[in-house]
Amino acid sequence: MLRTRQNHHRGTARQSYQLLVFFVGGRRLAVKAVDVSGISQWAEPIPVAGRTPFITSVVRQGKTVLPVFDLAASLRLTVQGSSPLCLRVKHSLGEMAMCIDEEIPVLHTLDPATLQTYHGKDLPSDGSYTNGLDEIPILSVSQLGSTE
Amino acid sequence: MRLVTENEENGLGLGVREPMTRIVSPASPSRFLILLLGGRYLALDAESIQGALTIKVVGSLDAPTIHGRVYRAINLADRLRISNNQGTANSRIVLLSERGVQGSIRVTSVQGWLELHPTQVLPLPPHFRGPERRWYRGMILFEKSIALVLNTSWVLDEQVTSIEDSGGQEGIPRLVVAPKMSVNNSQAC
C-alpha cells in the first residue's frame, strides 16, 4: 500500500530517517515511519460518548479495539475520498487509529539536515521539512491527544 | 433468544429479572444486559438490573413505581449527550438499583443477556481521559461492534451532571444510602 519515493540523499543514507507522507483533507502531512504500525482500509468507527477532545470513537479490527484520534477534525478539515484509509500509529498509551485520505501514503527519506522547526500551532509536530513551496509538518504521535 | 459474543464461547440465557444470588469470585462469569441507546450498544451489570418493562406497563415515565418502590427517571441519553429517538415500539424502561439507590433509564431496545468472564471486559483505552472514565467500566466485544459497560454508580448518581457540567472531572460517586428493600418484580421485557 506504500509507494517509495526515490531517495535523493544517498550520501547521507546512514543519518537519514524514513517518513510516511500522507494526506488529510488534501493537506500533506508526515509521520515518522517508526511511529506507524499499519495502514488498512478505514472501518466504520464506533462512537464513544465522552469529552476527550478529538477522541470520540473507536474502531474494531478483529478482537482489537483502537481509539480513534480525529486528526481531520483537529485540523478543521474533512477526509477526502470514498475509500479512506486507517493509519495506525504507536502512541505511548497504546496504538491509535486515524482516518486519512484515500490517497496512498508515500515513504520519504529525510536528511536530518533539512529538518526545520514547524511554527504552526495547528498540530503537535516533531518539526517539518520543505517540499517545493510546501512545508510538510511531521506529526508528533507522542503528543497526539495531550493538548486540547 | 440468545446472544453470542465473539469474546468467548459462552452463550447466555435471556430473561430479565432473575434472582441475583450468584457467588462472586474472580473466576465467576459476569452477566450483562445489552441495551441499544441512540444506535449504540451499552451494557449494564446484571447485579443492578431490577427489570426491563415496556412503557405501557410502567405507566409513569417520570418516576416509575414498581411494587411500591420509586425508580427515578434518568435521562441517560442526555447524560451521555447522545441523540436518541426513543419513541419506538421496542423501547424499554430498565429499572436499576444499587446500594439502595434506584433509578430507571429509557432505552431504544433491550438486546438480551450476555455472560462473560471478567477478563473479557476490556478496559476503556487510556487515551480517553475525560469524565467518561467514570461513565464506563470497560468494553465488551459485541457482534461486529462493542458495547460500553456503564458504571451503574455513575448512572444513578443524581449530582453527577452538575459536577461534570461545572468542569469537575474527578468527582467521586456520592450515592445516598437508603435501607435496601427487596423487590420481587416478575415483570419481564
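1. Let's start with a caution. Where pLDDT is low, the predicted coordinates should not be read in detail.

2. Some ground rules. This is a predicted model, in which local features need pLDDT of at least 70 and side-chain atom pairs count only at pLDDT 80 or more, while totals for chains, interfaces and linings use all residues. Residues are numbered from 1 along each chain as its sequence is written, and chains are lettered from A and ligands numbered from 1 in the order in which they are written.

3. On overall confidence, chain B has a mean pLDDT of 76, with 68% of its residues at 70 or more. For the complex, the predictor gives an ipTM of 0.87 and a pTM of 0.80.

4. Chain B contains 5 helices and 11 strands; these are DSSP runs numbered from the N terminus, helices being H or I of at least four residues and strands E of at least two. Of its 189 residues, 38% are buried, meaning that 20 or more other C-beta atoms, placed from the backbone, lie within 10 Å of a residue's own. Taking the contacts in chain B between residues at least 6 apart in sequence, 66% join residues at least 24 apart.

5. Now look for the open sheet of 5 strands in chain B, with the order 9-1-2-11-10 and mixed pairing. Two strands pair if DSSP finds at least two bridges between them. Strand 9 (109-116) and strand 10 of chain B are at the edges with a single partner strand each, so one side of each lacks a neighbour in the sheet. From one strand to the next, the twist averages 30 degrees.

6. Within that sheet, strand 1 (residues 30-37) and strand 2 (residues 40-45) of chain B run antiparallel, joined by 6 bridges. B:Leu35 has B:Leu42 as its bridge partner, and B:Leu36 is opposite B:Tyr41. The two strands make a hairpin with 2 residues between them, where B:Gly38 in the turn has a positive phi of about 60 degrees.

7. Strand 2 of chain B also runs parallel to strand 11 (residues 145-150) of chain B, with 3 bridges between them. There B:Leu42 has B:Leu148 as its bridge partner.

8. Where do the chains meet? In all, 20 residues of chain B are in contact with 18 residues of chain A. Strand 10 (136-142) and strand 11 of chain B each give two or more residues to this side of chain B, and strand 11 supplies the largest share, 3 residues.

9. The largest nonpolar core has 82 residues, and those touching the most other members include A:Val31, A:Met98, B:Ala43 and B:Ile146. Such a core is a set of buried Ala, Val, Leu, Ile, Met, Phe, Trp, Tyr and Cys residues joined through C-beta atoms within 7 Å. Not counting residues up to four places away in sequence, B:Ile146 touches residues including A:Ile46, A:Val58, B:Tyr41 and B:Ile140.

Key:
Contact = placed C-beta atoms within 7 Å. Buried ≥ 20, exposed ≤ 12 C-beta atoms within 10 Å, placed from the backbone. Axes fitted to C-alpha atoms, helices over the stretch in contact; angles between N-to-C directions. pLDDT = per-residue confidence, 0-100.
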